[in-house]
Amino acid sequence: HMSELEIKIAYKGDAVNSGSMDVYEVAPALLAIGESFQEANRELNGDSAHISVRVRDKFEAGSFDIYLTIDHTLIEQAKALLFHGNIKSAKDLSILLGFSAGMGESHAVTGVLHLLKLLKGAIVKYIQPRTNENKIDLHIENNHDSKITVQIITVDADTFRLASNPRIRQSANKLTKPLDRPGIDRVEIGEGAGVAETITKEDRPAFYPVSIEPEQPVLTPNQT
């Protein structure tokens, strides 16, 4: 029982067009994607599934498109148990990490990359799980020009769980780090020809590895 997925990461900009970007610059980013899949699998599937990430070497001059193949195999014991429904496939993990387009819970932010981009490094004041729904309301505080604004972002619970993992946030940092270099303007991530997420130079600070731990303990629904 195996699910397979191919993810494409494309760095865009003058440095790419002129062929001056070096594979060594993106090596940490590639490793980071592998790490984020391993970590997401460990977080959500525990010991029930094994994941491996392979880079398909298709580098062409003037483009920096990296293809990763994600192989996801269920461990024998897990096949014997009847909880297939709870096991996240490679595609599920990819959607939750933000590498593939797709929905988690309706009307809730899905995908770690998308969530970090929206948060822009804002402080999470507290979180409020929704009763009987797999989603969480994040109460966040932004401070722009000494003007504090408070807003609520509803996020898919599994997405938030992954985004709360420091290793996954560090992976998002490494994935976007090439944007610090002059001549690299954006990175596009998706499956096949589709682009699930575009991250630009302007977005880059949102991916610095800051904590998103809530400042206050979780509010349970009956406290409000």
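Trainee: How many helices and strands does the chain have, and what percentage of its residues is buried?
Mentor: This is a predicted model, and everything said here should be read with that in mind. The chain exposes about 11,300 Å², of which carbon and sulfur atoms supply 52%. There are 7 helices and 8 strands, and of the 224 residues in the chain the buried ones make up 45%.

Trainee: Among contacts with a separation of 6 or more, what share comes from residues 24 or more positions apart?
Mentor: The count takes in the contacts in the chain with a separation of 6 or more, and asks what part of them joins residues 24 or more positions apart. That part is 63%.

Trainee: Which strands stand at the edges of the open sheet of 3 strands?
Mentor: The order in this open sheet is S4-S5-S6, with antiparallel pairing, and the twist averages 20° from one strand to the next. S5 (residues 135-144) and S6 pair over 10 bridges, and one of the bridge partners in S6 is Asp156, which pairs with Lys135. A strand with a single partner has one side left without a neighbour in the sheet, so the edges are S4 (123-129) and S6 (147-156).

Trainee: Which residue in the turn of the hairpin formed by S7 and S8 has a positive phi?
Mentor: Strand S7 (residues 186-191) and strand S8 (residues 197-200) run antiparallel and are joined by 4 bridges, with Val187 standing opposite Ile199 in S8. Between the two strands lie 5 residues, and the one in the turn with a positive phi, about 60°, is Gly192.

Trainee: Are H5 and H7 roughly parallel or roughly perpendicular?
Mentor: The axes of H5 and helix H7 (residues 166-176) come within 11 Å and cross at roughly 80°. Angles of 65 to 115 degrees count as roughly perpendicular, which makes H5, relative to H7, roughly perpendicular. The contact is made by Val112, Leu113 and Leu116 of H5 together with Ile168, Arg169, Ala172 and Leu175 of H7. With that angle in view, the answer for H5 and H7 is roughly perpendicular.

Trainee: Is Lys120 buried or exposed?
Mentor: Lys120 lies in the loop between helix H5 (112-119) and S4, and although Lys120 is not a glycine, its phi is positive at about 50°. A residue counts as exposed when its relative accessible area is over 50%. The value for Lys120 is 57%, so Lys120 is exposed.

Trainee: What is the relative accessibility of Asn132?
Mentor: Asn132 is found in the loop between S4 and S5, and its phi is near 55°, a positive value in a residue other than glycine. Asn132 counts as exposed, with a relative accessibility of 79%.

Note on methods:
Residues are numbered from 1 along each chain as its sequence is written. This is a predicted model: local features need pLDDT of at least 70, side-chain atom pairs count only at pLDDT 80 or more; totals for chains, interfaces and linings use all residues. Side-chain values use heavy atoms; hydrogens and water are left out. Two strands pair if DSSP finds at least two bridges between them. Buried means under 20% relative accessible area, exposed over 50%, partly exposed in between (1.4 Å probe, protein chains only). Contact means heavy atoms within 4.5 Å. Accessible areas come from the Shrake-Rupley method with a 1.4 Å probe; for residues, only the protein chains shown count as cover. Axes are lines fitted to C-alpha atoms, for helices over the stretch in contact, and angles run from 0 to 180 degrees between N-to-C directions. Angles under 35 degrees count as roughly parallel, over 145 as roughly antiparallel, 65 to 115 as roughly perpendicular and the rest as oblique.
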